[in-house]
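Below is a brief report on one structure.

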Amino acid sequence: KQEVTQIPAALSVPEGENLVLNCSFTDSAIYNLQWFRQDPGKGLTSLLLIQSSQREQTSGRLNASLDKSSGRSTLYIAASQPGDSATYLCAVRRETSGSRLTFGEGTQLTVNP
Amino acid sequence: SAVISQKPSRDICQRGTSLTIQCQVDSQVTMMFWYRQQPGQSLTLIATANQGSEATYESGFVIDKFPISRPNLTFSTLTVSNMSPEDSSIYLCSVAGTSVYNEQFFGPGTRLTVL
């Protein structure tokens, strides 16, 4: 059974810091990995999708890397802003799970002005 | 990316009643899904809504409790039946493109509270 773990569970940083969120998964036979952002009481916003054959993806101040063999992904946020405050979720799709995304518990990020 | 809307955005319901949640997408999509997010927890897939056939339910979820309709490629409904306080959650509609392996997008969610 695929398990996804995100560390840390919560993170509070001052504005302007560069930060790294971690995601690990137990079964390396994944098809892709997706990072999401969720604001309190809201739906999910897709940030980045990394296919299993890729090493990283970038979008603006966000960079996500994937090391499939070791079961790890990181989300790097450069020059953090108060508007980045949200919960960040990673989700993996196994090669054999079809539609099912397995989600981590999320990292709750607070960026203080 | 697809634009997804859900109705209602939130509701407070009495134990034993049922609520139907609607999901509308601005373009035709092959794959539509329903997820549940219980308070303080991450997301769990309830079922895949199949157009023209019965939904495919995940382990622990049954059609009698969560009947799903998918009349066309842009619309789906999820009903939460005979509700109990344990059903209090955010229910989210999600879509993917032509392949189940495509990027998934989520609606704004329906926050349900059962008293």
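## Burial and surface of chain B

In this predicted model, 50% of the 115 residues in chain B are buried. The chain's accessible surface is about 5,300 Å². Carbon and sulfur atoms account for 48% of that surface.

Chain B carries 7 positive and 8 negative charges. Their mean positions lie 8 Å apart.

## Fold of chain B

Chain B has 11 strands and zero helices. Its radius of gyration is 13 Å, close to the 13 Å of the globule rule for 115 residues, so chain B is as compact as a globular protein of that length. The C-alpha trace spans about 40 × 25 × 20 Å along its principal axes.

Take the contacts in chain B between residues at least 6 apart in sequence: 55% of them join residues at least 24 apart.

## Disulfides

The whole structure holds two disulfides over all chains. In one, the sulfur atoms of A:Cys23 and A:Cys90 are 1.9 Å apart. A:Cys23 sits in strand E3 and A:Cys90 in strand E9 of chain A, so the bond ties together parts 67 residues apart in sequence. Both cysteines are buried.

B:Cys23 and B:Cys93 form a disulfide too, with sulfur atoms 2.0 Å apart. B:Cys23 lies in strand E3 and B:Cys93 in strand E9 of chain B, so this pair links parts 70 residues apart in sequence. B:Cys23 is buried at 0% relative accessibility, and B:Cys93 is buried at 1%.

Handedness can be read from the S-S angle. The A:Cys23 and A:Cys90 link is right-handed at 70°. The B:Cys23 and B:Cys93 link is left-handed at -65°.

B:Cys13 is buried, with a relative accessible area of 9%.

Terms used: Residues numbered from 1 in each chain as written. Chains lettered and ligands numbered in written order. Predicted model: local features only at pLDDT ≥ 70, side-chain atom pairs only at ≥ 80, totals over all residues. Heavy atoms only, no water. Helix = DSSP H or I, 4+ residues; strand = E, 2+ residues; numbered from the N terminus. Rg over C-alpha atoms; globule rule 2.2 N^0.38 Å. Buried < 20%, exposed > 50% of the residue type's maximum accessible area, 1.4 Å probe, protein only. Contact = heavy atoms within 4.5 Å. Areas by Shrake-Rupley, 256 points an atom, 1.4 Å probe, with all protein chains shown as cover. Lys, Arg positive; Asp, Glu negative; His and termini not counted. Charge placed at Lys NZ, Arg CZ, Asp CG, Glu CD. Disulfide = S-S within 2.5 Å.
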